[in-house]
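The structure is shown first.

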There are 2 protein chains.
Amino acid sequence: MGDNRKARVIFQPSGRRGEVSKGTNIIEASRQLGVDIETLCGEKKVCGKCKVRIEEGTFEKFGIVSSRKNVGPWQKEEEKFITPEQREAGYRLGCAAEIQGDLLVFVPEESRAGKQVVSKAAREIEIRWNPAVRLYTVTLSPPTFEDPLGDFERMTQGLHKEYGLENLRIDWLTLRSLPGTIREGDWTVTVAVWMDKEIIKLWPGKVEDYYGMAIDVGTTTVAAYLCNMRTMEVLDTVSMMNPQCKYGEDVMSRITYHMQNPGGLERMSDDLIEGLNDLVKRACEGTCPPKVKTRDKNGKVVKDEEGNAILEEAPEEGKTYLRLQPSDIVDLTLGGNTAMHHILLKLDPQYVGLAPFPPVIHRSLDIKARDMGVHINRSSYLFIMPNEAGFVGADNVCVLVCEKPHKSEKLQLIIDIGTNGELVLGNNKKLISSSCATGPALEGAQLAFGMRAAPGAIERIKIDPETHEVDYKVIGREAWRSYSKPEEMQTKGICGSGILDVLAELYRSGVIEKSGRFSKNQKSNRFRKNPDNSRQKEFVIAWANETSIGKDVVITQKDIRQIQLAKGALYTGCKLMMRRMSIESVDTIKIAGAFGTHVAKEKALIMGLFPDCDLENVQSVGNAAGDGARVVLLDRDMREEANWISRNVEYIELTVEKDFERQFMEAMQIPHMTDKFPHLEGLVPKEVLEQ
Amino acid sequence: MGDNRKARVIFQPSGRRGEVSKGTNIIEASRQLGVDIETLCGEKKVCGKCKVRIEEGTFEKFGIVSSRKNVGPWQKEEEKFITPEQREAGYRLGCAAEIQGDLLVFVPEESRAGKQVVSKAAREIEIRWNPAVRLYTVTLSPPTFEDPLGDFERMTQGLHKEYGLENLRIDWLTLRSLPGTIREGDWTVTVAVWMDKEIIKLWPGKVEDYYGMAIDVGTTTVAAYLCNMRTMEVLDTVSMMNPQCKYGEDVMSRITYHMQNPGGLERMSDDLIEGLNDLVKRACEGTCPPKVKTRDKNGKVVKDEEGNAILEEAPEEGKTYLRLQPSDIVDLTLGGNTAMHHILLKLDPQYVGLAPFPPVIHRSLDIKARDMGVHINRSSYLFIMPNEAGFVGADNVCVLVCEKPHKSEKLQLIIDIGTNGELVLGNNKKLISSSCATGPALEGAQLAFGMRAAPGAIERIKIDPETHEVDYKVIGREAWRSYSKPEEMQTKGICGSGILDVLAELYRSGVIEKSGRFSKNQKSNRFRKNPDNSRQKEFVIAWANETSIGKDVVITQKDIRQIQLAKGALYTGCKLMMRRMSIESVDTIKIAGAFGTHVAKEKALIMGLFPDCDLENVQSVGNAAGDGARVVLLDRDMREEANWISRNVEYIELTVEKDFERQFMEAMQIPHMTDKFPHLEGLVPKEVLEQ
């Protein structure tokens with residue numbers, strides 16, 4: 001803090017943070033802090049892969065004020081890769097930008113080296129083609145004195161005759177384009193109809209392909225899927241940090257920001273909407289040929305009157321481009337938790353944060369994009385997913401729309417682990433939901449060496465019960481530590497899935513007890529007191545010489561407590577819900593979210609994240625929230641299904657359940673009773689279980 | 001033109017125009033030109049009744065450029081009556097404002113001395129109370145942990161339980177006010193529901209009265225009726241000149257303006273919408289206490305920092321005020337002819353003006369007021385009346401909604417005379433419509449001494465067949481000319497209804513022949529050649545000494561031709577429609593519009609405006625267009641009825657009918673064959689009919 005030769009740097013969306021010496025460039029800092037940014041050219045400023053965005057604002061949580069002024073001067077090499085608009089938005093090349101003061105650096109999806117590992121890429125899911133917006137083409141006869149019928153009625157008559165469409169209305173703005181479009185197409189016109197009710201776009205002549213977008217608004221990350229609505233193909237996935245992060249990292253701090261700042265709600269909403277517009281634009285740009293600077297015969301860059309380089313398209317040979325514009329997007333679906341939902345819609349979120357947490361609205365909304373300032377086709381609607389309850393939002397509905405527990409006789413437990421844990425339990429007879437405050441520990445955040453799942457992150461580990469020696473594997477390297485030279489590991493930290501693995505092994509090998517405390521019976525020098533804080537005990541996972549950060553990667557007693565709190569909250573939730581349903585076991589457990597994709601399920605069972613279950617019946621279902629937004633984009637019947645779900649899942653407020661505190665205290669312990677966890681047998685040595 | 005001591009002045013909406021000496025004040029000019037402006041105080045600048053508005057712009061039709069710079073300096077007496085906003089908008093006191101150059105002066109309804117005569121005041125009509133927007137009040141129990149239902153669902157559940165309302169949706173902007181309003185009213189809330197479908201406004205607690213507006217958008221005049229939606233009472237009627245007049249006086253010239261000026265359509269629409277907002281504001285202001293300048297103890301005007309007088313309310317004792325705001329208007333209906341409809345909605349009107357004249361849309365539209373920039377309750381819809389055809393618009397549908405010819409077995413002929421003549425013929429079996437280009441002659445415009453129906457206008461006349469001596473009566477004076485001293489008459493011109501009377505008498509007395517030409521057999525010195533143009537013949541109706549304008553009031557051969565063209569067009573239309581229906585006579589003739597209110601029906605029959613009919617069955621139905629807009633405001637079933645009418649009245653393009661030209665030539669003649677006009681007998685002397 002006091003050292004003015006140092007600057008504090010936070011990378012988003014990974015959340016990695018620390019101090020670096022001023023003068024360090026952003027790529028170097030990202031290495032020191034365990035963030036992976038693509039750098040093909042080795043910082044020679046010629047590949048342009050390491051684009052990052054400097055965020056401006058006061059980030060109270062981190063105690064920093066980030067400003068573009070805290071970065072060194074713009075370098076002319078950057079011009080080649082960063083458009084004037086991007087520069088305006090704060091983009092820099094990581095290798096060219098020197099850190100001069102505190103910074104919050106956002107690493108866009110495309111610049112993340114490890115992106116394939118945790119990208120919110122679209123999953124292959126089965127969706128029925130039944131979109132809310134459909135196209136119809138009709139050819140009409142022009143008006144005559146005998147038949148002077150107006151343009152709109154002429155068109156709807158044709159649509160009725162050919163497609164049986166009835167009682168169609170038309171958005172005023174689309175109506176305005178009707179006389180011109182119908183004549184431009186020489187009386188052949190293609191019509192986009194929303195919900196068989198309203199005409200929202202017109203094209204002259206025949207058109208077949210059309211486009212939509214599904215957006216998952218997370219508290220931290222916003223992911224958008226651009227879809228061809230005819231083929232259902234996902235054309236592109238783009239994501240960004242939720243621009244509201246600067247007002248508070250979690251839901252409650254944003255609600256507080258709203259309550260303490262007049263106009264704060266509008267500001268947070270407008271920032272998000274601006275971000276959504278940017279996402280839409282980026283997704284569309286991905287379908288257009290790249291642009292390069294126009295050069296004259298001598299290779300000199302041609303500039304306009306204001307001295308800006310004139311850009312020209314540089315299509316790759318043999319490649320076809322869709323050349324989409326935001327106005328080509330005719331449908332857009334949005335899902336998020338209840339607080340994100342309310343803030344986006346500028347609905348007062350204060351009561352969502354106040355017992356008994358009633359949301360302003362549960363059911364889905366169709367809102368004209370233009371009303372909200374979202375720049376897609378101007379007559380189109382946004383479909384806003386319904387909310388279940390104050391703390392189980394539209395994002396959970398998205399999960400249920402995908403997983404359909406209400407369609408099955410099997411008792412399912414669905415766990416969506418994000419910053420909050422959301423739980424759904426039941427089957428086609430009854431469904432209940434609740435939320436539990438897991439905190440971000442299971443995502444690897446707020447731990448001493450937690451990091452996101454990216455190269456260098458420890459994802460698997462083994463600890464020898466006899467010697468307490470450690471073997472591990474990092475993301476991005478096939479060979480385990482024991483088959484590598486130390487310097488080959490380039491270890492950086494522990495990711496969310498790795499942390500659970502670590503804890504399970506620590507327990508199985510006897511390094512920690514069932515209470516989570518370090519055992520008194522330590523067998524190696526890996527166990528020690530923290531050199532800077534003798535009251536903090538820690539266990540070394542990787543020695544400094546195995547890392548790329550020059551420090552021992554350790555797990556501390558505090559880290560273990562964080563995980564215990566998280567897993568305790570989750571487990572208590574599951575158990576109280578099962579008690580409500582009067583059941584002892586479930587048939588299937590599904591884990592949604594990036595966490596579920598990467599965690600080894602037996603380790604989750606060992607750690608007691610969820611009730612005992614045959615591991616064969618534990619499944620990971622990926623980013624089901626984003627998938628759900630795609631499902632409702634492409635199958636309109638699922639919109640009503642989503643509303644049905646949101647009203648028929650009974651929300652249970654766990655904290656007011658009888659026994660909650662005692663149950664929670666118990667659940668903090670690591671499982672050890674084989675009567676309660678028969679499936680633990682074989683996973684954990686008997687002597688550990690019986691200790 | 002050449003005399004630079006003179007200025008050209010046009011008064012609207014009357015259309016009276018002429019040259020006056022520079023230095024004349026506006027009231028004096030209005031007297032010279034036969035326009036009636038209220039002046040209670042006798043131009044002492046103390047009553048404030050003579051407010052007028054100076055319009056700015058180029059008025060090509062009149063060949064003038066009107067500017068506020070062409071009026072003498074602002075006088076401090078005006079301050080007392082004209083608010084800073086009004087001053088900004090161009091308002092002046094007529095008695096204080098000196099004419100220094102060409103001017104277009106708009107005389108607002110409230111300043112018109114003759115307003116009772118032709119005001120578009122609301123007529124007593126029978127309307128069923130069945131509004132599109134209704135209020136419901138519910139009291140709810142607050143949320144608890146056992147019942148944490150969201151605000152919207154809580155409210156709609158209450159509305160369902162108490163009123164049976166189902167599947168309600170809510171406008172996003174209204175939703176935003178929900179959590180605050182519902183808590184402000186301590187869980188009692190009043191809800192405005194549109195069409196049993198959508199919640200568009202909320203009030204805390206119980207509310208009973210609510211307000212709507214019906215607007216008739218005429219080519220020249222826009223009239224608005226402010227209604228209490230609960231009691232159906234008309235609270236106020238306000239009107240203005242259509243601000244589009246500066247782009248062209250008639251429909252075709254505005255269409256032309258659009259086609260020749262990029263952005264012209266938007267400009268015309270925006271001007272009208274600005275005018276509508278002003279009308280709404282004025283109507284609301286009429287429900288608030290008047291404002292006067294705040295004075296200190298010494299009677300000195302208190303001013304704000306910028307030197308503007310601070311206004312305070314001066315409520316009349318014992319009077320209660322509604323204190324309405326534009327946001328209190330929850331429903332608004334609009335009717336107008338097809339071109340006005342298209343221009344208001346920014347729909348390309350060029351095809352309406354081009355054979356075969358198809359409109360962009362027939363059916364009614366519900367458009368969010370905010371989308372069109374109309375400032376009423378921000379979640380409310382505008383209801384836009386449907387169009388029948390390119391030249392028979394929503395205004396005609398308004399007439400039919402009132403007169404309901406489709407509900408009767410009787411064959412009705414409905415004639416709406418404005419700048420265009422609109423005709424409807426039929427009964428509950430079949431209805432046909434057409435339009436005919438009557439021009440404005442029947443309204444008294446474009447005639448040598450035509451004027452609007454206001455004091456000083458000749459409205460009745462008798463001509464002695466023996467001497468061709470004239471007796472007449474003017475509006476505003478009971479006694480006929482023959483019972484008055486010449487100087488008592490203060491005659492100014494001839495109004496629309498008077499012109500028909502004049503022509504009928506000229507014919508009946510033998511001054512003109514059935515062909516419309518002046519007879520060779522003249523019996524008085526009233527017939528003469530125009531002193532300035534010897535080729536133009538004219539007949540003096542009032543000698544200069546009987547007038548307030550110091551000139552003989554005459555009717556010229558050209559005037560007679562104008563009327564003949566108009567009545568020929570109308571009559572041909574009626575006859576061709578009857579031929580289409582294969583009928584020889586009709587049961588009832590209804591005349592809509594101000595014209596019909598004041599014309600003596602036997603004179604209309606003598607002149608052959610419409611086919612022969614028993615005079616008992618000829619009725620005037622007043623401003624049925626405005627009434628129709630009120631009907632659909634208060635009875636929503638009539639909205640669908642209006643759509644039914646618009647699609648079930650068959651439009652006939654008269655000009656392409658077989659025989660049109662021959663019929664038209666014949667119809668120019670004044671009726672003279674008693675076999676075709678049996679009801680003429682007794683009205684016109686046999687010798688005239690047989691001449």
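In this predicted model, the C-alpha centres of domain 1 of chain A and domain 2 of chain A are 51 Å apart. The assignment for chain A gives three entries, listed below with their residue ranges.

| Domain of chain A | Residues |
|---|---|
| domain 1 | 6-112 |
| domain 2 | 133-204 |
| domain 3 | 211-287 + 322-384 |

**Contact between chains A and B**

Chain A contributes 36 residues to the contact, and chain B contributes 36 residues as well. On the side of chain A that touches chain B, at least two residues each come from α4 (151-163), α5 (172-184) and β18 (365-368) of chain A. The largest share of that side, six residues, is supplied by α5(A). By class, the residues of chain A that touch chain B comprise 23 nonpolar, five polar and eight charged.

**Helix packing in chain B**

Within chain B, helix α10 (residues 394-403) packs against helix α17 (residues 637-648) at an angle of about 115°, and their axes are 10 Å apart. The crossing of α10(B) past α17(B) is right-handed. From α10(B), the contact residues are B:V397, B:L400 and B:V401. The residues on the α17(B) side are B:M638, B:E641, B:A642, B:I645 and B:S646. Sorted by class, the contact of α10(B) with α17(B) has six nonpolar residues, one polar residue and one charged residue.

How values were computed
Residues numbered from 1 in each chain as written. Chains lettered and ligands numbered in written order. Predicted model: local features only at pLDDT ≥ 70, side-chain atom pairs only at ≥ 80, totals over all residues. Axes fitted to C-alpha atoms, helices over the stretch in contact; angles between N-to-C directions. Helix = DSSP H or I, 4+ residues; strand = E, 2+ residues; numbered from the N terminus. Left-handed = near helix turned anticlockwise from the far one by under 90°. Contact = placed C-beta atoms within 7 Å. Nonpolar A, V, L, I, M, F, W, Y, C, P; charged D, E, K, R; others polar. Domains from an automatic or database assignment.
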